[in-house]
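I opened a notebook on this structure to get my bearings. These are the things I looked up, in the order I looked them up.

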Amino acid sequence: MIIKNKTIVDDDWTILRLAQNETAKNVMVPAGKIIVPLKVWLEQREQLLDRNELGVWIASDERPEMLKDDLDKFTVIAVDFPKFSDGRGYSIAYYLRARFGYTGELRAIGDVLRDQMFYLQRVGFDAFAPRPDRNIQDALKGLTDFSEVYQASVDKKMPLFRRVQRNGNAVDN
Amino acid sequence: MYRYDQYDQQIVNERVAQYRDQVRRRLSNELAEEEFRPLRLQNGLYMQIHAYMLRIAVPYGLLSTTQLRMFAHIARKYDRDYGHFTTRQNIQFNWIKLEDTPDILADLASVEMHAIQTSGNCIRNITSDEFAGVAADEVVDPRPYAEILRQWSTFHPEFAYLPRKFKIAVSGAEEDRAAIAVHDIGLSVRKNTQGEVGFRVFVGGGLGRTPIIGKVICEFLPWQHVMTYIEAILRVYNQYGRRDNIYKARIKILVKALGIEEFKRQVENEWAALKDGAGTLTSEELNRVSSYFTAPAYENIADTDSGLTSFKSENKAFASWMQRNVKPHRIPSYAIVVLSLKKTGRAPGDASAEQMDAVADLADRFSFGELRITHKQNLVLTDVKQSDLITLWKIAAANNLASPNIGLLSDIISCPGAEFCTLANARSIPLAKVIAERFDSLDFQHDIGEIELNISGCMNACGHNSVGHIGITGVEKKDHEEWYQVSLGGSKGNESSIGKIIGPSFSFDQVPEVIERILQVYCRERIEAERFIDTVRRVGIKPFKESVYATEITDGQEDDVLAFKPAQYSEPLYSPRF
């Protein structure tokens with residue numbers, strides 16, 4: 001189960017993570033709906049291009065530019081959070097959406113917890129795979145912690161001061 | 001001052017609900033401590049030695065008397081009748097229970113306050129000049145920009161999990177009173193030759209274990225671009241700042257590693273995509289926010305003496321107070337008054353609930369109901385009529401708030417130190433107390449003149465030790481013994497510099513004698529009215545070093561030092577030192 005477009009849905013994608021004895025070059029990518037590491041995509045691009053549906057995931061220390069010209073090749077792009085305090089994934093998502101114009105599914109995977117959900121959604125994630133030991137219903141609640149925000153990001157193209165009429169102090173007098 | 005509108009209030013109210021739920025989940029063990037830790041830290045809640053400490057944001061150090069009275073209420077209801085004002089213009093309460101914190105936040109929200117981002121690896125409270133809006137040397141009022149940046153940085157979705165904490169300071173006067181060069185980003189609001197407003201932008205300054213003076217990344221950034229330019233800096237930092245070593249994770253290390261030119265190239269490259277976009281500040285928004293920072297209704301008073309000269313001549317204490325604690329206002333019939341939280345025998349920056357109420361009464365009666373917190377841990381009433389100074393002084397003195405020591409030796413900056421903080425190697429407050437007691441003579445202090453003595457219990461430098469004219473840093477030796485390093489020549493403001501360590505460290509009891517010897521060298525070497533820092537700059541640290549280490553300093557040379565006993569607390573020491 002994952003959260004997608006603010007609802008809990010079944011998920012039939014499998015995330016491929018390299019085992020210790022595997023390399024991006026030699027790993028066998030199973031058939032079916034697989035989300036492969038960016039490194040595997042870069043190494044096995046020719047074979048993987050034949051697939052109907054393919055996903056790719058990017059690690060927090062990898063560069064989103066590596067995917068810039070291939071965005072249309074994937075049904076899903078995932079960003080891995082090795083631990084929730086690693087905030088690089090937020091900027092990766094921002095680049096994919098705001099700078100490179102990716103419009104497909106953008107999924108947060110790894111150490112994804114309820115209290116990051118609101119921020120993740122703001123920078124462009126529309127799918128979330130919360131940590132499996134946690135209640136996914138609870139995680140869903142994290143998406144609605146706030147009903148208003150100050151800054152522009154991927155979800156709101158305009159900051160609050162350009163979206164609403166805010167009255168200054170002089171109006172009261 | 002700025003007042004919340006429906007949007008600000010809604011966001012803060014929703015924050016209280018979110019945080020209340022986080023605490024509920026922690027108390028029911030749904031959240032492990034490890035997961036709760038970054039959440040509570042983003043809310044300024046630290047686990048200290050005796051209890052939790054809650055740090056509350058005072059945006060750019062400006063608060064109303066209603067807000068100050070709320071602090072007094074919090075001190076009485078949830079703490080031990082006092083609070084500690086910090087070098088980042090905030091307040092901390094040291095004896096807090098976790099289960100009370102949601103109610104404290106709700107109390108704060110009722111007076112337009114919060115504890116959002118007062119800790120954690122995110123953008124912290126924006127600090128500014130404590131005399132903003134009234135200083136005689138002000139070029140541009142920095143407060144509207146500080147408020148605009150407060151809103152921009154509040155719950156910024158992309159920059160909540162940075163490599164490390166991130167501090168921004170804004171100053172708009174000739175004299176930098178906000179220590180902008182030792183912040184991750186320092187902004188100096190100024191005017192160019194055409195009279196247009198913009199910012200000189202410093203980046204990569206900071207204290208801590210690698211103190212560095214910030215570099216200028218942009219000489220003149222037109223005001224419209226302040227948010228997009230900072231966003232560009234933060235985005236580069238968020239991606240490339242080091243995350244493998246907590247001690248090398250601040251932006252200063254990245255700037256140093258890349259060099260300012262390469263760092264600037266990366267920032268400007270990023271900025272090119274943001275410039276003139278939606279994040280560009282509009283004059284409507286600037287005007288809206290500025291409308292909250294208009295001058296109060298000053299009375300039109302003839303600039304007369306109001307009997308001050310004659311009262312000064314008959315009252316030496318008042319004369320000293322006028323000289324040290326009263327600063328020039330841009331309206332000559334008004335004055336800026338600094339209320340000292342540095343009375344000898346008290347912890348620097350501490351104020352009792354009773355004192356907070358007294359200050360609130362003073363501000364209501366004499367200063368339009370507002371006050372400021374300074375990064376030197378004192379309080380400021382910015383708009384006092386000259387003719388009210390005598391009355392105000394009498395009330396302040398009765399409340400132990402009129403020590404005439406602003407900028408003098410006993411105006412010590414001190415962190416809470418090892419009595420409270422799990423990071424500290426050594427105690428700070430007791431050391432500040434023994435130093436203040438040793439040099440309690442005001443005649444002596446006035447003779448020594450302007451000097452900044454800063455104490456931190458560890459290298460993290462919350463007490464600004466590395467930019468103290470005299471800096472004292474707690475260092476650990478084997479078996480948790482307390483030892484202190486002494487540095488000289490640090491300074492913040494327009495001529496920022498990092499102090500140099502004079503040599504091997506000293507025990508607690510030796511430090512007052514070390515200070516004594518340093519001051520003796522100053523008195524010997526100074527030329528006329530030369531300030532301490534200028535003498536150090538001119539002669540270097542060598543003569544000080546020679547004199548300090550010339551003969552052995554025996555522990556407990558002074559009887560009163562020997563008699564000193566560390567604070568005793570009733571709470572058990574349950575917190576692990578992590």
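I count two strands as paired if DSSP finds at least two bridges between them. I also keep in mind that the model is predicted.

**Entry 1: strand 9 of chain B and its partners.** I looked up strand 8 of chain B, residues 185-191, together with strand 9 of chain B, and found that they pair in the antiparallel sense over seven bridges. I picked out one of the pairs: B:V189 has B:F199 in strand 9 of chain B as its bridge partner. The two strands form a hairpin, and five residues lie between them. In that turn I noted B:G195, with a positive phi of about 85°.

I then went to strand 10 of chain B, residues 215-222, and found that strand 9 of chain B pairs with strand 10 in the antiparallel sense over five bridges. Here B:F202 stands opposite B:V216 of strand 10 of chain B.

Is strand 9 of chain B, residues 197-203, mostly covered or mostly open? I found it mostly covered, with five of its seven residues buried.

**Entry 2: the domains of chain B.** The domain assignment gives chain B domain 1 (6-109), domain 2 (127-290), domain 3 (323-398) and domain 4 (413-563). I checked domain 2 of chain B against domain 4 of chain B and got 31 Å between their C-alpha centres. Their contact takes 11 residues from domain 2 of chain B and 11 residues from domain 4 of chain B. I sorted the domain 2 side of this contact by class: six nonpolar, one polar and four charged residues.

**Entry 3: where chain B touches chain A.** How many residues does each chain give to the contact? I read 35 residues from chain B and 33 residues from chain A. On the chain B side, the elements that give two or more residues are helix 1 (6-27), helix 2 (33-41), helix 5 (143-153), helix 6 (226-240) and helix 9 (283-290). Helix 1 of chain B supplies the largest share, six residues. By class, I noted 13 nonpolar, 13 polar and nine charged residues on the chain B side.

**Entry 4: chain A.** I found six helices and eight strands in chain A. From the N terminus on, I wrote the order of its elements as β-β-β-β-α-α-β-β-α-β-α-β-α-α. Along the principal axes, the C-alpha atoms of chain A fill a box of roughly 75 × 35 × 25 Å. Chain A has 173 residues, of which 38% count as buried. Among the contacts in chain A with a separation of 6 or more, 44% come from residues 24 or more positions apart.

Definitions and conventions: Residues numbered from 1 in each chain as written. Chains lettered and ligands numbered in written order. Predicted model: local features only at pLDDT ≥ 70, side-chain atom pairs only at ≥ 80, totals over all residues. Buried ≥ 20, exposed ≤ 12 C-beta atoms within 10 Å, placed from the backbone. Helix = DSSP H or I, 4+ residues; strand = E, 2+ residues; numbered from the N terminus. Contact = placed C-beta atoms within 7 Å. Nonpolar A, V, L, I, M, F, W, Y, C, P; charged D, E, K, R; others polar. Domains from an automatic or database assignment.
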